[in-house]
Amino acid sequence: MMNWEKLLLPEGLQSADADKQRSQFEKDYDRIIFSAPFRNLQDKTQVFPLPEDDFVHTRLTHSLEVSSVGRSLGKSAGKFLLEKYPELAAKELQPFDIGGIVAAAALAHDIGNPPFGHAGEEAISDFFRFHAQGQLWRDQCDEKEWEDLTHFEGNAQGFRMLVDKKNGIFISAPTLAAFTKYPRPSWAKAGGQNRRSQKKFGFFTSNLENYAQLAEKMGISQLSEDCWLRHPLAFLVEAADDICYSIIDLEDGCTLGLVSQEETISLLASIIGDKFDPEKLEKYGSNRQKLAIMRAMAINQLIQETTLVFEDLEPQLLTGDFDQALTDIIPSAKALTAITSLSVKQIYRSQPVLEKEAAGYQVLEGLLETFAGALHAHHFQKDKFSGHHRSILRLLPSSSRLREKHAANVIVRELLDFISGMTDKYALSLYRRVKGIALPGH
């Protein structure tokens, strides 16, 4: 059974800055928000291509909102835990410390997502599975590394971004553990139960030792070899994400005319329940104001429900007997399912979204074909290395180590750092240039 003191304070509560204004978990938040991988989220789409007329969410605004919800969930959980476990309070831990852990982990939850979201993940995976240039690397990677490449996962890329020294983020162990929603590598999976924590994988083979050391330090129990239970606060990070994308994707869909105002209000009212007052809503002048107040009330209700479920299930989170999404068992779970069903039909499969995904897939496949081909020739097929390849490699960042001699698995992983770190607009611009669709300055 896991222990909250080790889960929250594996190295004790580090002293605040000299001015006593920042805890170690507030430092985590600041380090993430000032990092280059986080800044790149400002031009990565959440669901919709970025329109000129109406505001819709980017990965950056989504991450900030998830962090806000996560802070509220974490502070409520912190108040409960400190009352239940006086020994935590004796360590000078405060509810806002636990809120800070969840807020920072939630802020980083999309930090490893490539351009164009899930379409980008599929494009990277399919490049190594099916493309001739991707297949060139097959014999130079072992089975486990190849499994990582053919099943690219944004969560695992995010873990890599947080622990890679070149990014200089250096967050605390509790925040990193709370970030890791899927504590296993791609090639290992705990059998016997339909566990939420095993649905995807959370770190690449090259980072297995990083997580193993983290788990040992914090007393996180193993499910089986190379598979661990979640840190209990990871359930709150997941819930914050689930709440935000369910409600806010619906709001964006309504803003863009894919879902009617009436249907949106009806769906949100099913969450708000008795607090919903149609007459009071009509006093707000614009549709945007009506949507905003309904969204705020729905999110507040979901936070309250999730907090109560967390408190009820807290003992089972420590033993690992509970391993589902918290939002699947709250009172509003049925209403969230109805929103998800409508969103799939009318939003995620809408023409603008499908066109963005198709274009994004093409862009990433083209970039990988260009750069992976040039790198393979440079490192492993000198007889085929051409002036064109040389020009392509000059487009790599000056800080890149890709031109240096490394093992194939290191080269590919560094290439994917470069590709997945791009913003949507930069990826599209670079694709056009390397494919001759646009010339520099035109």
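In this predicted model, the count of aromatic pairs comes to 12.

One of the pairs joins phenylalanine 152 and phenylalanine 204: the ring centres are 6.1 Å apart and the planes meet at 40°, so the pair is tilted. Phenylalanine 152 belongs to the loop between helix 9 (143–150) and helix 10 (154–163), while phenylalanine 204 belongs to the loop between helix 11 (173–179) and helix 12 (208–218), so the contact ties together parts that are 52 residues apart in sequence. Phenylalanine 152 is buried, with a relative accessible area of 4%. Phenylalanine 204 also counts as buried, at 0% relative accessibility.

Another pair is formed by tyrosine 211 and tryptophan 228, with ring centres 5.2 Å apart and planes at 70°, so this pair is edge-to-face. Tyrosine 211 lies in helix 12 and tryptophan 228 in strand 2 (residues 227–228), and the pair links distant parts of the chain, 17 residues apart. Both tyrosine 211 and tryptophan 228 are buried. These two residues are also members of one aromatic cluster, together with Phe159 and Phe203.

| Charged residue | Ring | Distance from ring centre |
|---|---|---|
| Arginine 230 | Phenylalanine 235 | 4.7 Å |
| Lysine 382 | Phenylalanine 385 | 5.9 Å |

In the arginine 230 contact, the charged end of the side chain sits over the ring of phenylalanine 235. Lysine 382 lies over the face of phenylalanine 385.

How values were computed
Residues are numbered from 1 along each chain as its sequence is written. This is a predicted model: local features need pLDDT of at least 70, side-chain atom pairs count only at pLDDT 80 or more; totals for chains, interfaces and linings use all residues. Side-chain values use heavy atoms; hydrogens and water are left out. Rings of Phe, Tyr and Trp (its six-membered ring) pair if their centres lie within 6.5 Å; planes under 30 degrees apart count as stacked, over 60 as edge-to-face and the rest as tilted. Helices (H or I, at least four residues) and strands (E, at least two) are DSSP runs, numbered from the N terminus. Buried means under 20% relative accessible area, exposed over 50%, partly exposed in between (1.4 Å probe, protein chains only). A charge sits over a ring if NZ of Lys or CZ of Arg is within 6 Å of the ring centre and within 35 degrees of the ring normal.
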